[in-house]
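I opened the notebook to go through one model, contact by contact. Here is what I looked up.

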Amino acid sequence: MDAQAHLNNAVYVDFLQDARVDFLHSASFGHLLGDEDDPDHAGNAILVVGHRVEYLRPVVHGQAVRVRLWVESVGAARFVIAYEVTADDEVAVRARTVLCNFDRNAQQIRRFDPVARAAFVDAVESGEPLRELPAVPEFVADKAFRTPLKVRWSDVDRYGHVNNVRYYDYAQEARIEMMRRLGDGLEVSDSSSDSLWLLVRQDLDYLGQLKFRTEPYSALTVVERIGGSSITMQVRMMDEETGMVFANARTVLVHADAQGRPAPLSDTARKALEPHLLDPA
């Protein structure tokens, strides 16, 4: 639970991962995740290419959370899993994850064998689509608010790189630090405040594998759009010395009153955000 007394946005991605891994192990796909005790499958991996998560309502302590998932589409080496997360039988989150079959030994994407692909095809269903976000504007590093991105020892998973879920934590930490430092009505409030920031969408594209190191990477946060009561932000996670970009996160936040109804952004909040706006026009 977060400072606003509801389930934190990043925790849902943990739920999605748990459900996805259970599904892969319980079906005909467990060998694709890799088995260190089996030489034939030790180098196998399923890598997350991207997440699309749409938050429809907050979840509070005590509610029963259930994840339903299905395969939405299958390609030669990639597939898409769709999810519906309910809390006390009401839909709280809809999401999609793009994944690929990967050979860790060769460090390259690998096509599915016919048996595995056929099993994925048999699991294909259709479902409620997610809303489309506007096109991504060109990123301007000079507009960015910079925060150090520290990889923790515990962030690394069995594949030897940072687990996909942890990137949601990194994006959140960078976003909150920027809003806290800018102030002027942008600070993230707690449940006792008369205004709230509600996260309604977060998409994340994975472009490279973050590894543990003692020196921090960088998180560059910019504002894509300022609406009447909403902000769309982007966090680029990268190594500024080499120019390597590891991930891009896009987040849509809605400013709301204590009852969760959209509330207009103040002029001071807009003015504080404008130096980081990619396209003021």
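Over which ring does the charged end of R236 sit? I found it over the ring of F139, 4.0 Å from the ring centre. I note here that the model is predicted.

**Entry: charges over rings**

I then looked up R213. The charged end of R213 sits over the ring of Y217, 3.8 Å from the centre of that ring. I kept Y217 in mind for the ring pairs.

**Entry: aromatic pairs**

I looked up the aromatic pairs and got ten in the structure. I picked out Y12 and Y55, which form an edge-to-face pair. Their centres are 5.5 Å apart, and the planes make an angle of 75 degrees. Y12 belongs to helix α1 (residues 9-26) and Y55 to strand β1 (residues 44-55). The two are 43 residues apart, and the pair links distant parts of the chain. Both Y12 and Y55 are buried.

Next I took Y217 with F246. This aromatic pair is also edge-to-face, at 5.3 Å centre to centre and 75 degrees between the planes. Y217 lies in strand β8 (residues 217-226) and F246 in strand β10 (residues 244-257), so the pair ties together parts 29 residues apart in sequence. Buried or exposed? I checked Y217. Its relative accessible area is 7%, under the 20% cut-off, so Y217 is buried. F246 has a relative accessible area of 7% as well, and is therefore buried.

I also traced a cluster. Ring pairs link F23, F29, F79, F112 and F120.

**Entry: nonpolar cores**

F120 came up again in the core listing. The largest nonpolar core has 74 residues, and F120, L186 and M237 have the most contacts inside it. Which helix gives the most to this core? I found helix α3 (residues 164-182), with nine residues. The core draws at least three residues from each of domain 1 (9-123) and domain 2 (141-276).

I listed the contacts of M237, leaving out neighbours within four places in sequence. Among them are L149, Y167, Y170, A171 and L204.

I noted a second, separate core of seven residues. F139, A144, M238 and L278 are included in this second core. F139 is the residue whose ring has the charged end of R236 over it.

**Entry: the two domains**

The domain assignment gives domain 1 (9-123) and domain 2 (141-276). I get 24 Å between the C-alpha centres of the two. The contact takes 25 residues from domain 1 and 20 residues from domain 2. How much area is buried between domain 1 and domain 2? I have about 1,800 Å², with carbon and sulfur atoms giving 44% of that. On the domain 1 side, N9, R52 and Y55 lose the most area to domain 2. Together these three make up 27% of what that side buries. Y55 is also the ring partner of Y12.

**Entry: L56**

I finished with L56, which is in the loop between β1 and β2 (65-74). L56 is partly exposed, because its relative accessibility of 34% falls between the 20% and 50% cut-offs. Not counting residues up to four places away in sequence, L56 touches V91, A92, R94 and R131. I also looked up L56 against V200. They are 144 residues apart in sequence, yet 6.6 Å apart in space, C-alpha to C-alpha.

How values were computed
Residues numbered from 1 in each chain as written. Predicted model: local features only at pLDDT ≥ 70, side-chain atom pairs only at ≥ 80, totals over all residues. Heavy atoms only, no water. Phe/Tyr/Trp six-rings, centres within 6.5 Å; stacked < 30°, edge-to-face > 60°. Helix = DSSP H or I, 4+ residues; strand = E, 2+ residues; numbered from the N terminus. Buried < 20%, exposed > 50% of the residue type's maximum accessible area, 1.4 Å probe, protein only. Lys NZ or Arg CZ within 6 Å of the ring centre and 35° of its normal. Core = buried A, V, L, I, M, F, W, Y, C linked by side-chain atoms within 4.5 Å. Domains from an automatic or database assignment. Contact = heavy atoms within 4.5 Å. Buried area = accessible area lost by both parts, 1.4 Å probe.
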